[in-house]
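Hi,

Here is the structure I promised to pass on. Have a look at it first, and then read my notes below.

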Amino acid sequence: MRKLHEWFQQNQREFPWRKTPTPYKVWISEVMLQQTRATVVIPYFERWLTLFPNVRTLAEAPLEKVIKAWEGLGYYSRARNLHKGAQQIVEYFGGEIPSNRKDLASICGLGPYTVGAILSFGFRQKAAAVDGNVTRVVARYFSIEENVDQQSVKRKIADAAESLLDATEPWITAEALIELGATVCTRKPRCEACPLQKNCLGQHKAEFLPITTGEKQVTQLKRAVALIESGGKILVKKGERGKVMADLYEFPYFEMGEGHWTQKAIVQAIQRTLGLPVEIVQKLPPITHTFTRFKAHLFPICYTTETPNPIAGYEWISRELLSELPFSAGHRRILSL
Ligand code: SF4
């Protein structure tokens, strides 16, 4: 693996979480990097460390502040789990992130990959961190022609990744494998630039590996979004706990199903569900927004009403305060319109 280490020292990308890794920094960065590109994560990571420099400050912060710091990264359960995980670390481990697999796995939101990453990059132990990138490299390097979505094959990949780790600097191999998968052994691999090429068994069939179950189905949603204003205040709703948009604010919206509602139908729906007589002010440009397994097509329309009645589950918020609330990404974009 010496070649891989040399390649990594020369080619690794510079990221703030790689400079002086600590278990806390590794934990935060790895959770942020799930489902999100590294370049997007950088400013979030830096701001996070200013707001919550350690486990205790994170554990003691109000959840709303944590969600606000996460705003725009999506998959908000990750932020809620970080917050809860920090509280568990304070309660059960005296505020110190544990350095063994069993205790780490007991912390909210920590799956096998993040546990491996913390042990490896944070504590410099001999542990592989197997994400999608490493799975791809290992499946190709060992020519594993089995479905990597199956539990038994996942274990096989993890064992194979572990077998590649260097005896003296295993954390470098672990991170180098991730980097290799992200930059060289990609979907269309550049085998000629790969430090593992000499012994790679799968390079001639690389584009067929790894074998997976296939793409997950994306559900299309069409929503009419109502921005209802009255006396300088706008009607918003906070997502309920346990739902996809929990703790995030959104404007009232209506699922339109397959078709497209007329203006009259939307006004009637507002009257029926919110009890508000409204007048249309203007239509805003539609927005397409993807989250988890959904693709939402949002059709925002501005309305006014002269009867800003209190509505259960909703709040009337002044325009100035709106920008301080954590909004779901799609509705944040509407707000910026
Ligand atoms: S030689 Fe090609 S297929 Fe094999 S690990 Fe390197 S980039 Fe991937």
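Predicted model: local features only at pLDDT ≥ 70, side-chain atom pairs only at ≥ 80, totals over all residues.

**Notes on the helices and domains**

Which residues of H7 are buried? They are Arg-78, Ala-79, Arg-80, Leu-82, His-83, Gly-85, Ala-86, Gln-88 and Ile-89. As you can see, Arg-78, Arg-80 and His-83 are on that list. The cover over these buried residues includes H3, H4 (38-51), H5 (55-60) and H6 (63-70).

H3 turns up again in a pairing with H9. H3 covers residues 23-33 and H9 covers residues 112-122, and their axes come within 9 Å, crossing at roughly 145°. The crossing is right-handed. On the H3 side, the contact is made by Pro-23, Val-26, Trp-27, Glu-30 and Val-31. Facing them from H9 are Tyr-113, Thr-114, Ala-117, Ile-118, Phe-121 and Gly-122. Sorted by type, the residues of this contact come out as 8 nonpolar, 2 polar and 1 charged.

Zooming out, the chain is divided into domain 1 (2-125) and domain 2 (219-336). How far apart do the C-alpha centres of the two domains lie? The distance between them is 33 Å.

Cheers

How values were computed
Residues numbered from 1 in each chain as written. Heavy atoms only, no water. Axes fitted to C-alpha atoms, helices over the stretch in contact; angles between N-to-C directions. Helix = DSSP H or I, 4+ residues; strand = E, 2+ residues; numbered from the N terminus. Left-handed = near helix turned anticlockwise from the far one by under 90°. Contact = heavy atoms within 4.5 Å. Nonpolar A, V, L, I, M, F, W, Y, C, P; charged D, E, K, R; others polar. Buried < 20%, exposed > 50% of the residue type's maximum accessible area, 1.4 Å probe, protein only. Domains from an automatic or database assignment.
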